[in-house]
Amino acid sequence: MATLRRIAFLLERGRQETYKVKAFRAAAASLLPLGDDEIAARVAAGTLTDLPGIGASTAKVVAQVVAGEVPDRLASLEEEYGGSLVSGGDGLRAALRGDLHSHSDWSDGGSPIEEMAFTAIELGHDYLVLTDHSPRLTVARGLSVERLQRQLAVVDAINEHLVSAGADGDGFTVLKGIEVDILDDGSLDQTEEMLGRLDVRVASVHSKLKMEPDEMTKRMVAAIENPFTNVLGHCTGRLITGNRGTRPGSRFDARKVFEAAAEHGVAIEINSRPERRDPPTELLEQARDIGCLFSIDSDAHAPGQLDFQVYGCERAEAAGIEAERIVNTWPRQRLLEWARR
Ligand SMILES: [Zn+2]
Ligand SMILES: [Zn+2]
């Protein structure tokens, strides 16, 4: 049910509460196995709401679709949340071929991998790197070695389905990744064997953000020097708005960190989440001047949030960062070669 998915997408894109979104995603999942005839018959008989996950408001949307009308709910959401999220950044957004940072319901995201993949295809991406969390981040249900192994098999299966369904065009692919925690000593929170099986690795600090600046610098530089690291995720960890509250960014010697990143070809992430906007503008410009590579990532935890990338594009454009230095404007093969370091 494309309409129900579109409504969920718009609600997420408009940063609405998860519970509102869930009703539409659940309804879409409930209707997916039914044929159009059965859905129409149930609308006629008034038995749509007997199905699990279909309530009065979702049933109304379905009835309007069956009647060939544009559902009122869809029309009002398109009006409210369907327009540009931000002025600027469109040129850069058009140049992006994929997204290097996204979460599924395997860790703290809200949707299955395939739902994230479908939405990435609809947004025009050639690839989506799935980067669920690493084991130590237990609050986010970080993946153990065993769960990551299982996830990689699921990703293979999804990619095979996409190919056989012809949905891949020139080969949309879910790439295997991780958002791996940078531990206190700068080591990465996953085995080398598993890190070696992945396509792209985003390394981020999620703990002890208030560490002394000297220690934090060493920690981040050590992570950058690790040959598995491709992207330094949300480098300050600051939160500037939103329902998780706010917090200042961690303190470190940004020059040292960015010089190490430039030397080792590690991309500095421009994290597009509205509550992060990380790195702050001053640091973004410093990394630009030092010659770093960048990635513009959504850090999406739901399909509609995949569209947040344009926020990062707007900031990169304002900072005068050219597309060539943004690794997710590169074709997939070039990206993969770079990520192998
Ligand atoms: Zn993170
Ligand atoms: Zn993340």
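A: Let's start with aspartate 132, which you'll find in the loop between E2 and H8. Keep in mind that this is a predicted model. Is aspartate 132 buried or exposed? With a relative accessible area of 2%, aspartate 132 is buried, because anything under 20% counts that way.

Aspartate 132 and serine 107 are 25 residues apart along the chain, yet their C-alpha atoms are separated by 5.6 Å. Their side chains are joined too, by a polar contact of 2.5 Å.

Which residues hold the zinc ion (ligand 1)? Glu179 (OE), His206 (NE2) and His234 (NE2) coordinate the zinc ion (ligand 1), at 2.1 to 2.2 Å. Along the chain, these donors follow the spacing E-x26-H-x27-H. Glutamate 179 also bridges the zinc ion (ligand 1) and the zinc ion (ligand 2), and those two ions lie 3.5 Å apart. The pair of glutamate 179 and histidine 234 links distant parts of the chain, 55 residues apart. Glutamate 179 belongs to strand E3 (residues 173-181), while histidine 234 sits in the loop between strand E5 (231-232) and helix H11 (254-264). Both glutamate 179 and histidine 234 are buried.

E3 turns up again when you look at helix H7 (residues 113-122). The buried residues of H7 are Ile113, Glu115, Met116, Ala117, Thr119 and Ala120. They pack against helix H1 (2-13), helix H2 (18-31), E2, H8 and E3. After H7 comes glycine 124, with a positive phi near 95°.

Now back to the loop that holds aspartate 132. Arginine 141 is also placed in the loop between strand E2 (127-130) and helix H8 (145-164). What is the phi of arginine 141? It's positive, about 55°, although arginine 141 is not a glycine. That's worth a second look, because most residues other than glycine have a negative phi. Arginine 141 counts as partly exposed, at 44% relative accessibility.

Arginine 277 has a positive phi as well, near 40°, and isn't a glycine either. You'll find arginine 277 in the loop between E6 and H12. At 33% relative accessibility, arginine 277 counts as partly exposed. The loop between strand E6 (267-271) and helix H12 (281-290) also contains proline 279. The peptide bond from aspartate 278 to proline 279 is cis, with omega near 0°. As a bit of background, most peptide bonds are trans.

One last stop: the aromatic rings. The structure holds 2 aromatic pairs. In the pair of tryptophan 330 and tryptophan 338, the ring centres are 6.0 Å apart and the planes are at 90°, so this is an edge-to-face pair. Tryptophan 330 is buried, with a relative accessible area of 6%, and tryptophan 338 counts as buried at 13% relative accessibility.

Key. Residues numbered from 1 in each chain as written. Chains lettered and ligands numbered in written order. Predicted model: local features only at pLDDT ≥ 70, side-chain atom pairs only at ≥ 80, totals over all residues. Heavy atoms only, no water. Donors = N, O, S within 2.8 Å, 3.2 Å for Na, K, Ca; no water. Helix = DSSP H or I, 4+ residues; strand = E, 2+ residues; numbered from the N terminus. Buried < 20%, exposed > 50% of the residue type's maximum accessible area, 1.4 Å probe, protein only. Contact = heavy atoms within 4.5 Å. Polar contact = N/O pair within 3.5 Å; in protein donor to acceptor, adjacent residues only side chain to side chain. Phe/Tyr/Trp six-rings, centres within 6.5 Å; stacked < 30°, edge-to-face > 60°.
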